Amino acid sequence: MLNDEPLSRLRERWTAAWPKALAAWSRHVVLHAPSLCADDREAEQEGLTESFAMIRLADQSIIINLAAIERHGLGDYAEEILAHEIGHHVLAPANLTDHARSLARIRQALPTLEAHAPMIANLFTDLLINDRLQRSAELRLAEVFKKLTLDKREAGGTLWRIYLRTYELLWSLERGSLADGKLSAEAEGDAWLAMRIVRHYSRNWIEGAAKFAMLMLPYLAKDALDASAARAWHDTRAAGAGGEPSGLAEADENDGKPMVHPSRDPEITGHEGPGSQTESKKTLEAATQNRPGGQTRQPFEYGEILRAAGVTLSDHDIAVSYYREKAAPHLIRFPARRKPASLDPLPEGIEPWQMGESFDSIDWLQTIMQSPRIVPGMTTVQRVWGVSPGAEPASVPLNLDVFIDSSGSMPNPQQFLSFPTLAGAILCLSALRAGARVKVTVWSGKNQVTSTPGFVRDTQEVMRALISYYGGGTQFPLHELRETYLETKRALNPTHLLFISDDGITTIFDKDERGHEGWDLFRAALAKAAGGSTFVLNLGKEWETAQYAFPHRELLIRARDELGIRIARIEDWEQLVEFARDFARTVYQPAEPSARATA
């Protein structure tokens, strides 16, 4: 740790250098001042370890460890280092989504070595930033590298020496001024290709990063890139901390397409010799012209990309983010509220206030009168208002009670794309958007059940339940129906019961743990819900015939014919998405306002 007086002088110099560092990019760049940490402990509290500097894209922060700066002898290079960190915010990666997209592309170029994608991404973006600052802003980045690499030029093996040689070529420096000069002819050629990638792909840096990764792959396999100098520069290790990028559930247009090695790319080499690409480019176009873009990533791939970007979310939260993003294009539009001719509010009592509802609706006086100790979602209440009759009838959205089969025949939604989970997200989020309350039950066996705490308006509660998984045997939890509809005294709005399953749904007609017939329980619950029911089942076309035998098939047909249960048959799970979208729009999509209402 620095003494107080040297630390104070160093902090003053670096604070004074901040406006100049911003001006190195543009006088229009606006970022809040960097956090200048006095010692390693303070830096670690900010998430900064190993390196002397780092960025966070979520809050556009720059963190500097002044003690590490002093250890590396970089105290006189405040403008250079601060301008470099600013470059990560304004040039590459600039935002969390592009950072994650570049990592996804780099991972494709590093088969079996995907774990090194964050370091390779950092090395390439540093090349872009440092080249611009050295040449255009005339900052002393070459001197910073000399400070960092002195007596450590061989520590990272051939890859690190190629990297330093690339800077020598970019800045027309004498051979050996940064690298030690011990490069083979092949490695020298790769350094030249790396220099060409930086220059040619400066405006398409995500694709350039993939090319750079492909070029470094054989050296990475040999060296494992453990250079202390490289780690000292790794300032984007935790760039995604606190953030959550969007647009990653679907693969980019170029993802999955064949990559052309830089040595055979005429845009880099400048010629189209044998084996390079008159024919290679045509072959690439022929191979990719009919290949659809925007393919779906699996949840585990989505999670690996987020972790590589430094995003700190649990597996469960990553899956929630994934399915919310996948469901978004299929949701109903936000309802447009009609305004009746007269709207005189009339107080009619109170009801519980739950998490997810507007804080403005809490009646604090009644809440405190009920309990002096306030527990949000448990003791909080809200005022219920009625209105005098208006010129137009009011509409009350159906509550939705969704039961999703999570037995062994279903995929784990946290690992692979689960269409039952995605359909549940489309249905539930659309219902919440329309103003309904939602209850979710994910089940496998009688005691393998995850559900929301009743009918809720909290999106996070709903999504957390949807992502649950068991993978066990199949036995419908009849006690959920009994407790929700037959043993509650609370009045419910009309509720639609929707079940997503296969022929295992017929276990709903078995006896419960008290010996009651499932048929009787289900019929009574359906009458209490008063909103109808839909069974969405993965069944064969001939499921109604005697040849297609499964337990309680007759009861399923009887429920359809006598109780009016809608049975929506699907042939593969992917059809659930279309069903969920159509159901949500039919039941919850608001009608277009009338001409009189909009006048």
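**Rings and cores**

Reply: Happy to! Ring pairs link Phe 403, Trp 443, Phe 476, Phe 499, Phe 509, Trp 519, Phe 522 and Phe 535 into a cluster. Keep in mind that this is a predicted model.

Me: How many aromatic pairs does the structure hold?

Reply: There are 21 aromatic pairs in the structure. One of them is formed by Trp 443 and Phe 476, with 5.1 Å from centre to centre and 70° between the planes, which is edge-to-face.

Me: Where do Trp 443 and Phe 476 lie?

Reply: Trp 443 is in strand β7, residues 438-443, while Phe 476 is in the loop between α18 (459-466) and α19 (478-486). The pair therefore ties together parts that are 33 residues apart in sequence.

Me: And is Trp 443 buried or exposed? What about Phe 476?

Reply: Trp 443 is buried, because its relative accessibility is 0%. Phe 476 has 1%, so Phe 476 counts as buried.

Me: What kind of pair do Phe 579 and Phe 583 make?

Reply: That pair is tilted, because the planes are at 35° and the ring centres are 5.7 Å apart. Phe 579 and Phe 583 sit in helix α22 (residues 575-588), and being 4 residues apart there, they are separated by about one helical turn. Phe 579 is buried with a relative accessible area of 10%, and Phe 583 is buried at 6% relative accessibility.

Me: Which arginines lie over the face of a ring?

Reply: Arg 433 lies over the face of Phe 334, 3.8 Å from the ring centre. Arg 558 lies over the face of Trp 519, at 4.1 Å from the ring centre. Trp 519 also belongs to the ring cluster we began with.

Me: Switching topic: which residues touch the most other members of the largest nonpolar core?

Reply: Those are Trp 14 and Ile 64, in a core of 141 residues. Leaving aside neighbours within four places in sequence, Trp 14 is in contact with residues including Leu 36, Ile 64, Leu 66, Tyr 77 and Leu 82. Apart from that core lies another one of 28 residues, among them Phe 499, Phe 535, Leu 537 and Phe 550.

Me: Why would nonpolar side chains gather like that?

Reply: In soluble globular proteins, nonpolar side chains tend to be buried together.

Me: Is Arg 105 buried or exposed?

Reply: Arg 105 counts as buried, because its relative accessibility is 4%, and buried means under 20%. You'll find Arg 105 in helix α5, residues 96-109.

Me: What is Arg 105 in contact with, leaving aside its neighbours within four places in sequence?

Reply: The list has Ile 206, Glu 207, Ala 210, Asn 254, Asp 255, Gly 256, Lys 257 and Met 259.

Me: How many disulfides does a search of the whole structure find?

Reply: The search finds 0 disulfides.

Methods
Residues numbered from 1 in each chain as written. Predicted model: local features only at pLDDT ≥ 70, side-chain atom pairs only at ≥ 80, totals over all residues. Heavy atoms only, no water. Disulfide = S-S within 2.5 Å. Core = buried A, V, L, I, M, F, W, Y, C linked by side-chain atoms within 4.5 Å. Buried < 20%, exposed > 50% of the residue type's maximum accessible area, 1.4 Å probe, protein only. Contact = heavy atoms within 4.5 Å. Phe/Tyr/Trp six-rings, centres within 6.5 Å; stacked < 30°, edge-to-face > 60°. Helix = DSSP H or I, 4+ residues; strand = E, 2+ residues; numbered from the N terminus. Lys NZ or Arg CZ within 6 Å of the ring centre and 35° of its normal.
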